[in-house]
Amino acid sequence: AIWDLSNEVAQLGDEIDKESQKLQLSTDTYQQLDYAMQRNGASISDVSKGIKNITLALDGVQHGVEGASDTFDKLGVSLTNTDGSMKSTEEVLLNSIDALANMENEVERNALAQELFGRSYSELLPLLNAGGEGIRELMNEAEEYGMVMSEDAVSASASFQDSLTRMQGTFDGLKNNITGAFLPSLTSIVDGFTAMVAGVDGGSE
């Protein structure tokens, strides 16, 4: 029972570790945002297109590409800090969601949401309808009710899963090496049996 529980938790933690890295979010923000989205019928994967656009915009602004920040300018979201340094992808994402959620003109909001998040924007509308404050409350609720796995626990889970994968690979390698050593003899037996059944002289020997 302890093994099953540990393995279940480790699988969850490893998934959080891998998926949060793909989305360029901290493990805490990933879990909090995931909870807020689930409460509104959405999925954390629905923001993946938006994160790609944010990454491209940040890179474009950094390299002086004209119009790179147009969508975010419309939202009133700055891609840079007061000191001129670039904001993180996570910060821009949260600021963008907050800005969209607080827009009063739904038509304009939906158009900008589609521009930022692509076709998945419609899945995010219930979340945006909750308003910026409502989204923050849900994210805080995940933390307050102990739903957020600590960064140390997530890291330990990833290490545990890596160890299991390594152990499985070791067993597979051992099996392959042992079987490989016997294959020449087994091949000789199979060939001999085939020859014997076919009536070839010397097959039984």
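**Entry 1: salt bridges.** Before I start, I need the cut-off: a salt bridge is a side-chain nitrogen of Lys or Arg within 4 Å of a carboxyl oxygen of Asp or Glu. I also remind myself that this is a predicted model.

I searched the whole structure and got 6 salt bridges. I looked at Glu 19 and Lys 22, whose side chains meet in one of these bridges, at 3.2 Å from N to O. Both residues sit in helix H1, 3 residues apart, which is about one turn of the helix. Glu 19 is partly exposed, at 26% relative accessible area, while Lys 22 is exposed, at 60%.

Next I checked Glu 141 and Arg 39, and their closest N and O atoms are 2.7 Å apart, a salt bridge. Glu 141 belongs to helix H8 and Arg 39 to helix H2, so this pair ties together parts that are 102 residues apart in sequence. With 23% relative accessible area, Glu 141 is partly exposed. Arg 39 counts as partly exposed too, at 48%.

Another bridge joins Asp 172 to Lys 175, with the closest N and O atoms 4.0 Å apart. These two are both in helix H9, again 3 residues apart. I also noted a network of salt bridges linking Asp 14, Asp 17 and Lys 18.

Entry 2: Leaving out residues up to four places away in sequence, it touches Leu 100, Met 103, Leu 125, Leu 128 and Asn 129.

**Entry 3: the core.** The largest nonpolar core has 43 residues, and Leu 93, Leu 100 and Phe 117 have the most contacts inside it. Several helices give two or more residues to this core, among them H2, H3 and H8. H5 gives the most, with 7 residues. I then followed Phe 117: beyond its neighbours within four places in sequence, its contacts include Val 47, Leu 93, Ile 97, Leu 100 and Leu 124.

**Entry 4: helix H9.** At 1.5 Å a residue, the 47 residues of H9 (151-197) should span 69 Å, and the end C-alpha atoms are 65 Å apart, which agrees. H9 does bend, by about 40° at Leu 183, and Pro 184 follows within four residues. Its buried residues are Val 154, Ser 157, Ala 158, Gln 161, Leu 164 and Ala 195. They pack against helix H1 and H2. After H9 comes Gly 199, with a positive phi near 80°.

Entry 5: Most residues other than glycine have a negative phi. Gln 24 is not a glycine, yet its phi is positive, about 60°. I found Gln 24 in the loop between H1 and H2. Is it buried, partly exposed or exposed? At 39% relative accessibility, Gln 24 counts as partly exposed.

**Entry 6: one last pair.** Lys 74 is in helix H4. Not counting residues up to four places away, Lys 74 touches Leu 112 and Glu 115.

Methods:
Residues are numbered from 1 along each chain as its sequence is written. This is a predicted model: local features need pLDDT of at least 70, side-chain atom pairs count only at pLDDT 80 or more; totals for chains, interfaces and linings use all residues. Side-chain values use heavy atoms; hydrogens and water are left out. A nonpolar core is a set of buried Ala, Val, Leu, Ile, Met, Phe, Trp, Tyr and Cys residues joined through side-chain atoms within 4.5 Å. Buried means under 20% relative accessible area, exposed over 50%, partly exposed in between (1.4 Å probe, protein chains only). Contact means heavy atoms within 4.5 Å. The expected span of a helix is 1.5 Å times one less than its number of residues. The bend at a residue is the angle between axes fitted to the seven residues ending there and the seven starting there.
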